[in-house]
Structure formats: structure tokens, C-alpha cells
Amino acid sequence: MTQCHVPDEPTIIHPALAGRYSPVRFNSTLTLTTAEVHALLDAARHAPSAGNSQPWKFIVARRGDANHQRIVRRLARSSSLWAPAASLLVVNLAHTLVEGTADWEYSEFAHYDLGQAVAHMTFQGLAMGLAAHQFRAFDRDGITSDFVIPHHWEVTSITAFGTATHAAGELASSGTSRERMSLDEIIWS
Ligand SMILES: Cc1cc2nc3c(=O)[nH]c(=O)nc-3n(C[C@H](O)[C@H](O)[C@H](O)COP(=O)(O)O)c2cc1C
């Protein structure tokens, strides 16, 4: 593994992607407008998916609202240190099973497609000057129960959106190594 020096290395990828990082401290005073929140969701809506199956839904929680309070109670200790300050928490749900069946898969690509929709959302955020930190450090069963998520949907991850109060790599976090494999390591030879 080689250390990734984003964004210092010479690179031809888009500057927004080269400079992207997952903050561990957010500006706790920034609020997002409804139009900004809708732009993030609209970006996800435009993502491609296998057979146009669109196997995603999102729970939207602005800092301080009822959804936010419910989600914050279910964060793991690690994410509770930084996620509550973000302007917006978005819980990412995958449509995994056909409704009413025990184990009939809705789409072979449900998680793949959800990830792609979340990526679109985070890129839209970058274009709007917002950073994002996706995470799994929360009580999945607790959120599933609190929001009465049915068996055929899976609470997969959460994305925290906002503006960072620190630079990339400035604060160490147990959950966020910034090392990357080299291009040689990711090209199958
Ligand atoms: C599906 C997923 C789950 C993640 N879970 C966590 C997590 O539970 N806690 C955390 O601090 N970061 C989590 N991350 C963030 C990654 O650790 C982070 O993206 C990675 O270390 C690379 O750092 P960077 O995003 O700053 O480049 C998660 C990211 C993804 C995509």
C-alpha cells in the first residue's frame, strides 16, 4: 500500500474528487436549505441501476429535527463523536428482498446500485461545497425498529453531509485511514 497524498499529487482526476475526504469534524452551525437537500436526493435519483430497478430509499434528517434525534441515539460511540454536528444525516436503504417473501432477492445489484446512488449524492454535495462522510458505525437493528423498516428493505449505511472544520488528514480517526492502493495494485494483470 502506498500513502495517498490527496490532493497534493499531480493528478488528472477532477479537483473536487482529488480533494475529497471524509471529515471527522463538521461545522455545527451550517444549515441546508430544502432546495439543497432536494438537490442531493435528486442526484441519487438520477443514478443508473440494474434494469432501472432503483433499489434505494433515504431517510433524511436535518440537525436538530425529530429524525435526527432518533438517528443520533443509535450512533456507535465512534460516530457519535462527529456525526451529530453534520448539517444532514441521510440513512441509505437498499431494497434487498421482494415484499412478502422470506428470501427472494429483489435485485442481484441492490447494494451495488445503492452505493452508486450514494456516490452520486456525494458528488453533488462536492459540487455544492459540501463534504460527506459515509459510515456503518451505528445500531442497524435500532434504526430498523425506530423507523419501522420492513423486512424487504435493509438499513445499509449513513452519510453525514456538511462542511468540514479541518483539512484532509489533519485529524486522525480510527475509522478513516487515507491510504490507497497504487494504480499498479488495482489493475488486474
Ligand atoms: C460503506 C462505508 C462504510 C464506512 N464506515 C465507516 C465507519 O463506520 N466509521 C468511519 O469513521 N468511517 C467509515 N467510512 C469512511 C471510510 O473509512 C473512508 O471513506 C476511508 O477511510 C477513506 O477515507 P477518505 O474518505 O477520507 O478518503 C465508511 C465508508 C464507506 C463507503
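User: What makes strand 3 and strand 4 a pair, and how many bridges join them?

Analyst: Five bridges join these two strands, which run antiparallel. Two strands pair if DSSP finds at least two bridges between them, so strand 3 and strand 4 qualify. Strands here are DSSP E runs of at least two residues, and helices are H or I runs of at least four, both numbered from the N terminus.

This is a predicted model: local features need pLDDT of at least 70, side-chain atom pairs count only at pLDDT 80 or more, and totals for chains, interfaces and linings use all residues. Residues are numbered from 1 along each chain as its sequence is written.

User: How many bridges join strand 2 to strand 4?

Analyst: Eight, and these strands also run antiparallel. Asn-92 has Ser-157 in strand 4 as its bridge partner.

User: Why does Ala-132 count as buried?

Analyst: Ala-132 has 25 C-beta neighbours inside 10 Å. The cut-off for buried is 20 or more other C-beta atoms within 10 Å (exposed is 12 or fewer, partly exposed lies in between, and C-beta atoms are placed from the backbone). Ala-132 therefore counts as buried. Ala-132 is found in strand 3.

User: Which residues is Ala-132 in contact with, leaving aside its neighbours within four places in sequence?

Analyst: Thr-122, Gly-125, Thr-159, Ala-160 and Phe-161. A contact needs C-beta atoms, placed from the backbone, within 7 Å. Thr-122 and Gly-125 are themselves among the buried residues of helix 5.

User: What covers the buried residues of helix 5?

Analyst: The cover includes helix 2 (34–45), strand 1 (56–62), strand 2 (88–95), strand 3 (131–135) and strand 4 (153–162). Strand 4 is itself mostly covered, with eight of its ten residues buried.

User: How do you know what span to expect for helix 5?

Analyst: The expected span is 1.5 Å times one less than the number of residues. Helix 5 (residues 110–127) has 18 residues, which gives 26 Å. From first C-alpha to last, helix 5 reaches 26 Å, close to that expectation. Gly-129 follows helix 5, with a positive phi near 85 degrees.

User: Why is the protein chain called as compact as a globular protein of that length?

Analyst: The chain has seven helices and four strands. Its radius of gyration, taken over C-alpha atoms, is 17 Å.

Methods. Two residues are in contact if their C-beta atoms, placed from the backbone, lie within 7 Å. The radius of gyration is taken over C-alpha atoms; the globule rule is 2.2 Å times the number of residues to the power 0.38.
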